[in-house]
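Dear colleague,

Please find the structure below, with my notes on the two ligand sites after it. Let me know if anything needs checking.

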Amino acid sequence: MTRAIEACIFDLDGVIVDTAKFHFLAWRRLANQLGFDFTEAQNEKLKGVSRIQSLELILQWGGLTLGEPEKLALAEQKNDWYRDYILQMERGDILEGVEDFLTELKSRGLKIGLGSASKNAETILQRVGLMDVFEVVIDGNRHTRSKPDPEVFLTAAAVLGVPPERAIVFEDAEKGVEAALNGGFFAVGVGSPDVLGHAHYVIPGFAGVHFETILEQIGAQALAM
Ligand code: BG6
Ligand code: MG
């Protein structure tokens, strides 16, 4: 029997809005200022990872070792550049198909939550007008253990009152999918199967995607488990 799904929990950056490109631009600017560069493939490793851990990875790629005060200053500099981008965001920046999908979930009575590593999540949700859609927002200010630890999703599910096995997590990050699986959730990857092949199902984005299709796909997985 397929287990009944009661909730959907969404990552924010790269799933609801295309902020992944702004993170990349701002980190790259910082790396270039420090005298080196990194690739889009390396950037995949930064998705879902907290600001300070991202910086540590980037410094490692550039072969730099810095003290805590310098690291904090660089993280703040990156965040200032990043905020210049997100403060320009508006409703039109919501990724294609997301609003229809969220409306469909609401009309079917599903609970909707957000689980993001970002400390800028509320700013972004406010800018694009989606703050009221989520019954719970667990962001980078409300959890401490980074993905692939499942804490962020488990906290969101607990607030929604839904056990993980009755919830689907939507994620664009390799580590985010891992976090969902570690927590016992169904995981739907949003992006490329090359990166997200460990998810129960992968969609390229939400354009034209219906909840029924997702249920059919993960239902088949549930039966096989
Ligand atoms: C995640 C992004 O959602 O949030 C990461 O995928 C980012 O790239 C992390 O580093 C933290 O975001 P912020 O906005 O707090 O710097
Ligand atoms: Mg993401």
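**Metal site**

In this predicted model, the magnesium ion (ligand 2) has three residues as its protein donors: D11 through OD, D13 through O and D172 through OD, at 2.0 to 2.1 Å. Along the sequence these donor residues follow the spacing D-x1-D-x158-D. Both D11 and D13 are buried.

**Ligand 1 site**

D13 turns up again here: among the 15 residues around ligand 1, those that come nearest are D13, V49, S118, K119 and N120. D13 is therefore both a donor to the magnesium ion, with its O atom within the 2.8 Å cut-off for donors, and one of the residues nearest to ligand 1.

By class, the shell around ligand 1 consists of seven polar, four charged and four nonpolar residues.

- K119 makes its contact through a backbone N or O atom, at 2.6 Å.
- N120 uses a side-chain N or O atom, at 2.7 Å.
- R51 also uses a side-chain N or O atom, at 2.8 Å.

As for cover, ligand 1 has 400 Å² of accessible area on its own, and the protein covers 97% of that.

Regards

Key:
Residues are numbered from 1 along each chain as its sequence is written. Chains are lettered from A and ligands numbered from 1 in the order in which they are written. This is a predicted model: local features need pLDDT of at least 70, side-chain atom pairs count only at pLDDT 80 or more; totals for chains, interfaces and linings use all residues. Side-chain values use heavy atoms; hydrogens and water are left out. Donors are N, O and S atoms within 2.8 Å of the metal (3.2 Å for Na, K and Ca); water is not among the atoms, so sites may look incomplete. Buried means under 20% relative accessible area, exposed over 50%, partly exposed in between (1.4 Å probe, protein chains only). A residue is near a molecule or strand if one of its heavy atoms lies within 4 Å of it. A polar contact is a pair of N or O atoms within 3.5 Å; within protein, one must be able to donate a hydrogen and the other to accept it, and residues adjacent in sequence count only if both atoms are side-chain atoms. Accessible areas come from the Shrake-Rupley method with a 1.4 Å probe; for residues, only the protein chains shown count as cover. Ala, Val, Leu, Ile, Met, Phe, Trp, Tyr, Cys and Pro count as nonpolar, Asp, Glu, Lys and Arg as charged, and the others, Gly among them, as polar.
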